[in-house]
Amino acid sequence: MEIFRDKKTLIDYVERQKEMGKRIGFAPTMGALHGGHLSLYKIAATENDLVISSIFVNPTQFNNPEDLTKYPRDTDRDIALLKNTGIVDALYLPEVVDLYPEGLKSKSYDFDGLENEMEGKFRPGHFDGVGTVVEELLRQVKPDNAYFGEKDYQQLAIIEKLVEQLHLPVKIHGVPIYREENGLAMSSRNERLNPIQRDAAKVIHDTLLKVNDWFRIITVAEINKRVKDIFDDQRGMTLEYFEIADEKTLKQTDFFYKDKKYRAFIVVNVGTVRLIDNLHLD
């Protein structure tokens, strides 16, 4: 696996690969790699000649400076993990100046309102930060295909909108959520849970499965009440929000329309750890 620590060497490498007709698959990360990230690369390896990873902890998408400080960083461990897979051909480790040549400031985007729903209500400016760094990475890596996990479904939808609006020549792929044995969505934040919390947190996915059973059988209002009741009974957990939203617009719905597709979104604080999850309803 080749490692590139600046923009110029990465771009030179990509140009050589393109000249040889290689199809490039790419999945950017913020490090603290786990099985969910590896699932992206496994799929990318089946659909491309070359797989590129990147690690960059993006400061502009953190609303709370303390969260940025606490974000886990162990690049040596991540490099060893990627090497052991044998499927990642190159790793890009850019510096801030490589992605923010004019200073550490986000661009301003209009994602047709997608940025104002759910996470956007709680994290102002977050998706401008995401869009800024993803746009720059896509322009530098020039992948044919880029892969993002569905755990951050709103982020995936916004990146798809970004590519559409800017006419970037890349196909975006959403990859199903990679889960632990108890159903908990895989996340670097899970490492901050103690064993009791980690086991108890399975109630998040279990609740989403119940929502899927209730889907179109009872009203949205009744589903919302049942979900609230479940978490009112959970010691050490706080339901931050639960929404059923249109998969295309991400707007919360209060009624099920036959011609629309829906997804349930949930955020739960387990102790001091904020966990997100979602599920397509069918």
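Biologist: What share of contacts between residues at least 6 apart in sequence join residues at least 24 apart?

Modeller: That share is 71%. Contact means heavy atoms within 4.5 Å.

Biologist: What sort of model is this, and what are the ground rules?

Modeller: It is a predicted model, where local features need pLDDT of at least 70, side-chain atom pairs count only at pLDDT 80 or more, and totals for chains, interfaces and linings use all residues. Residues are numbered from 1 along each chain as its sequence is written, and side-chain values use heavy atoms, with hydrogens and water left out.

Biologist: How many helices and strands in the protein chain?

Modeller: Eleven helices and nine strands. These are DSSP runs numbered from the N terminus: helices are H or I with at least four residues, strands are E with at least two.

Biologist: What is the radius of gyration?

Modeller: It is 19 Å, close to the 19 Å that the globule rule gives for 282 residues, so the chain is as compact as a globular protein of that length. The radius is taken over C-alpha atoms, and the rule is 2.2 Å times the number of residues to the power 0.38.

Biologist: What percentage of the residues count as buried?

Modeller: Of the 282 residues, 53%. Buried means under 20% relative accessible area, exposed over 50%, partly exposed in between (1.4 Å probe, protein chains only).

Biologist: Switching to charges. How many salt bridges does the structure hold?

Modeller: There are 22. Each puts a side-chain nitrogen of Lys or Arg within 4 Å of a carboxyl oxygen of Asp or Glu.

Biologist: Which residue does glutamate 117 pair with?

Modeller: Lysine 251, with the closest N and O atoms 3.2 Å apart.

Biologist: Is glutamate 117 buried or exposed?

Modeller: Buried, at 10% relative accessibility. Lysine 251 is partly exposed at 47%.

Biologist: And what about glutamate 135 and arginine 139?

Modeller: Their side chains form a salt bridge at 2.9 Å, N to O. They are four residues apart in helix 7 (residues 126-141), so about one helical turn separates them. Glutamate 135 is buried at 5%, while arginine 139 is partly exposed at 39%.

Biologist: Which residues are linked in a salt-bridge network?

Modeller: Glu119, Arg123, Glu240 and Arg274. Within it, glutamate 119 and arginine 123 come to 3.3 Å between their closest N and O atoms.
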